[in-house]
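Welcome to this short tour. Have a look at the chain and its ligands first, and then we will walk through a few of their features together.

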Amino acid sequence: MSAVRSTQVGIVGGGPAGLLLGHLLARQGIDSVVLEARSRPYVEQRVRAGVLEQGTVDLLKANDLGERLQREGLVHEGLELRFDGIGHRIPLAELTGGRAITVYGQQKVVADLTDARLAAGGDLLFEVGDVSLHAIDSDAPSIHFRHDGADHELRCEVIAGCDGYHGVSRDAIPAGAVQVYVREYPFAWLGILAEAPPSSEELIYCHHERGFALHSLRSPELSRLYLQCDPSDELDVWPDERIWEELRTRFATRDGFTLNEGPVVDKLITPMRSVVVEPMQYGRLFLAGDAAHTVPPTGAKGLNLAVNDVRILAGALADWLASGASEGIARYSEQCLEKVWRVQHFSWWMTSMLHRPAGRDPFEHKLQRAQLRYVTRSRAAATTLAENYVGLAGA
Ligand code: FAD
Ligand code: DHB
């Protein structure tokens with residue numbers, strides 16, 4: 001026997017997309033339940049993205065989620081492209097009429113959202129198991145799951161699939177009802193968090209014949225560094241000393257750049273792929289965030305795209321559930337996909353320009369350097385990068 005209860009919107013997944021959706025719906029008087037497979041400490045400690053677009057920051061602040069973000073977020077008005085041992089600054093704010101990015105770890109966004117949901121009495125269940133979706137093509141869909149050793153059924157008006165790339169929501173859609181576009185890349189990122197002061201005030205995207213490297217940060221005491229590796233690599237072939245040596249080599253400049261080093265407190269290899277599910281809706285199931293699309297991390301877009309989906313979905317669901325206006329939900333997928341494909345292109349372009357090509361193809365290497373020189377010398381080309389990086393308004 002399952003314990004049965006009802007809500008307006010059943011949300012699968014308590015990552016940034018699911019938590020923010022619950023928060024935005026509650027502010028418009030819509031009831032929801034968020035079901036998260038992992039524990040609260042696990043979700044809040046999972047190190048992932050760190051770059052928030054201007055539009056993401058504006059949305060979080062406008063919805064009372066900006067207090068710690070305002071205090072601890074690091075506003076960056078430029079970034080560096082480094083190649084052939086020379087750094088070139090792209091002045092993001094100057095090229096985009098004052099727009100900037102904010103460095104603020106995803107786990108802080110998740111912790112802020114979790115606090116806000118729980119403080120508002122929101123329904124948020126951690127460590128749920130055996131989640132399955134039912135009758136999504138009817139007007140009475142439901143979610144079955146296990147929690148605290150018991151079976152549960154959550155009856156909903158709508159289900160939001162916010163359970164990321166490895167979730168169950170996307171697979172609940174019958175084969176043939178959606179088209180899935182996929183591009184796999186022949187490389188991965190090894191990411192570390194290190195207790196070392198950042199070696200530069202701004203992010204450094206570094207092209208090197210041994211492979212891409214990225215310098216980022218989380219605070220004045222914590223560096224976040226990534227390097228391109230082989231997707232088949234396991235962490236045990238990357239002891240800390242090898243990582244530092246590789247990073248030193250790739251970031252080296254002609255004028256003697258020094259990389260600050262310190263204890264590695266987190267280490268992970270992430271494969272890189274581009275995926276889009278079209279449409280992002282089937283019956284009463286709406287997909288949002290990584291459940292609907294994944295981008296390679298080179299453009300720092302995954303989290304921002306998830307936030308954009310949820311902004312659109314929350315408005316559309318509130319209109320529909322509160323007053324029966326269905327134009328918004330009818331256009332949900334189309335509206336999101338416009339930005340999804342723009343961002344897919346930008347992420348693919350940054351990835352292709354900066355990573356060591358498969359087989360070290362010398363022709364492609366020459367093309368990359370030609371493109372990097374163009375992007376750093378032409379104001380028009382630099383503006384293209386800048387406006388995509390900070391987030392195009394309205395696209
Ligand atoms: P997620 O954050 O994946 O959240 C989905 C949630 O659903 C998770 O909490 C998961 O535990 C839960 N879940 C899964 N299955 C179920 C289930 N069956 N039932 C209930 N809950 C379930 N983006 C960047 O911009 N820059 C980066 O550097 C970067 N690094 C990344 C590193 C890694 C390892 C990964 C996986 C992603 C990274 N991303 C990065 C992408 C970015 O983190 C994602 O785009 C963002 O997390 C999307 O948010 P989301 O809420 O859609 O999905
Ligand atoms: C970070 C991650 C990215 O994918 C990126 O492009 C820039 C920064 C980060 O984790 O700080």
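Helix α6 covers residues 106–119, and its 14 residues reach 20 Å from the first C-alpha to the last, close to the 20 Å expected at 1.5 Å a residue. Please keep in mind that this is a predicted model.

**Helix α6**

- Which residues of α6 are buried? They are Q106, Q107, V109, V110, A111, D112, L113, T114 and R117.
- Just after α6 comes G121, which takes a positive phi of about 75°.

**Around ligand 1**

- Q106, one of the buried residues of α6, has a polar side-chain atom 2.7 Å from an oxygen atom of ligand 1.
- The backbone takes part too: an N or O atom of the A37 backbone lies 3.1 Å from a nitrogen atom of ligand 1, and a backbone N or O atom of L303 lies 3.4 Å from an oxygen atom of this ligand.
- On its own, ligand 1 has 980 Å² of accessible area, and the protein covers 87% of that.

**Around ligand 2**

- How many residues surround ligand 2? There are 15, and the closest are Y205, S216, R218, Y226 and P297.
- From the backbone, a polar atom of T298 is 3.5 Å from an oxygen atom of ligand 2.
- The protein covers 97% of the 290 Å² of accessible area that ligand 2 has on its own.
- Strands β16 (213–219) and β17 (222–229) each supply at least two residues of the shell around ligand 2, and the largest share, 3 residues, comes from β16.
- This shell is made up of 9 nonpolar, 3 polar and 3 charged residues.

**Aromatic pairs**

- The model has 9 aromatic pairs.
- In one of them, Y205 and Y389 sit edge-to-face, 5.9 Å centre to centre and with 90° between the planes.
- Y205 belongs to strand β15 (residues 204–206) and Y389 to helix α11 (residues 379–390), so their pair ties together parts that are 184 residues apart in sequence.
- Are the two partners buried or exposed? Y205 is buried, with a relative accessible area of 1%, and Y389 counts as buried at 2% relative accessibility.
- F286 and Y332 form an edge-to-face pair as well, because their ring centres are 5.8 Å apart and their planes stand at 70°, which is over the 60 degrees needed.
- This pair ties together parts 46 residues apart in sequence, because F286 lies in strand β20 (residues 285–287) and Y332 in helix α9 (residues 327–354).
- F286 counts as buried at 1% relative accessibility, and Y332 counts as buried at 0%.
- One aromatic cluster is formed by W189, Y205, F212, Y226 and Y389; Y205 and Y226 are also among the residues closest to ligand 2.

Conventions:
Residues are numbered from 1 along each chain as its sequence is written. Chains are lettered from A and ligands numbered from 1 in the order in which they are written. This is a predicted model: local features need pLDDT of at least 70, side-chain atom pairs count only at pLDDT 80 or more; totals for chains, interfaces and linings use all residues. Side-chain values use heavy atoms; hydrogens and water are left out. A residue is near a molecule or strand if one of its heavy atoms lies within 4 Å of it. A polar contact is a pair of N or O atoms within 3.5 Å; within protein, one must be able to donate a hydrogen and the other to accept it, and residues adjacent in sequence count only if both atoms are side-chain atoms. Accessible areas come from the Shrake-Rupley method with a 1.4 Å probe; for residues, only the protein chains shown count as cover. Helices (H or I, at least four residues) and strands (E, at least two) are DSSP runs, numbered from the N terminus. Ala, Val, Leu, Ile, Met, Phe, Trp, Tyr, Cys and Pro count as nonpolar, Asp, Glu, Lys and Arg as charged, and the others, Gly among them, as polar. The expected span of a helix is 1.5 Å times one less than its number of residues. Buried means under 20% relative accessible area, exposed over 50%, partly exposed in between (1.4 Å probe, protein chains only). Rings of Phe, Tyr and Trp (its six-membered ring) pair if their centres lie within 6.5 Å; planes under 30 degrees apart count as stacked, over 60 as edge-to-face and the rest as tilted.
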